[in-house]
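Student: Could you take me through this model, with the cut-offs behind each term spelled out as we go?

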Amino acid sequence: MEVEGSSKQMIATQQEMVENRVPLPYRDQCAHLLIPLNKCRQAELYLPWKCEEQRHAYEKCEYELVMERMLKMQKIREEEANKIKQSQSHGSPIPLIPKTANA
């Protein structure tokens, strides 16, 4: 399953996430790494020096997702800034009242 707007694919299925009790906020493209990490944590009694490899892989995946979202947002802001510059160069004033979706 592919998530719209992301380069990473969902590897863990919804059924796998439900069976492994992955909380809703953590059901993203990195959930396939969180499932074995949580199993390791439970088996090792949550000792912080255990399961380091799984934790590092999961955190790296999450970091890459955040960086990808930040780059996309930066591109969107740059495009909007370019649109504003183009509209100002054409002599149209900045609207005082923003247009709504239904207008």
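**Burial, core and surface**

Tutor: Of the 103 residues of the protein chain, 18% count as buried, where buried means under 20% relative accessible area, exposed over 50% and partly exposed in between, computed with a 1.4 Å probe on protein chains only. This is a predicted model, in which local features need pLDDT of at least 70 and side-chain atom pairs count only at pLDDT 80 or more, while totals for chains, interfaces and linings use all residues. Residues are numbered from 1 along each chain as its sequence is written, and side-chain values use heavy atoms, with hydrogens and water left out.

Student: In what order do the elements of the protein chain run from the N terminus on?

Tutor: Helices (H or I, at least four residues) and strands (E, at least two) are taken as DSSP runs and numbered from the N terminus. On that basis the secondary structure of the protein chain comes to three helices and zero strands. From the N terminus on, the elements therefore run α-α-α.

Student: Which residues is Met17 in contact with, leaving aside its neighbours within four places in sequence?

Tutor: Contact means heavy atoms within 4.5 Å. Met17 is among the residues with the most contacts inside the largest nonpolar core. Leaving aside neighbours within four places in sequence, its partners are Met10, Ala12, Val22, Arg27 and Ala31.

Student: How many Å away from Asp28 is the nearest side chain of opposite charge?

Tutor: Asp28 is placed in the loop between helix H1 (14–19) and helix H2 (31–43), and, not counting residues up to four places away in sequence, Asp28 touches Met10, Glu62 and Leu65. Lys and Arg count as positive and Asp and Glu as negative, with His and the chain ends not counted, and a salt bridge is a side-chain nitrogen of Lys or Arg within 4 Å of a carboxyl oxygen of Asp or Glu. Asp28 is buried yet has no salt bridge, and the nearest side chain of opposite charge, that of Arg69, is at 5.8 Å.

Student: Is Cys51 buried or exposed?

Tutor: Cys51 lies in the loop between H2 and H3, and has a positive phi of about 60° although it is not a glycine. With a relative accessible area of 11%, Cys51 is buried.

Student: Is Tyr46 buried or exposed?

Tutor: Tyr46 is also placed in the loop between H2 and H3, and although it is not a glycine, Tyr46 has a positive phi of about 60°. Because its relative accessible area is 56%, Tyr46 is exposed.

Student: What accessible area do Tyr63, Val66, Met67 and Met70 have together?

Tutor: Patches are made of residues with over 30% relative accessible area and no salt bridge, like charges being joined within 9 Å and nonpolar side chains (Val, Leu, Ile, Met, Phe, Trp, Tyr) within 5 Å. Accessible areas come from the Shrake-Rupley method with a 1.4 Å probe, and for residues only the protein chains shown count as cover. Tyr63, in helix H3, counts as exposed at 52% relative accessibility. Together with Val66, Met67 and Met70, Tyr63 forms a nonpolar patch on the surface, with an accessible area of about 380 Å².

Definitions and conventions
A nonpolar core is a set of buried Ala, Val, Leu, Ile, Met, Phe, Trp, Tyr and Cys residues joined through side-chain atoms within 4.5 Å.
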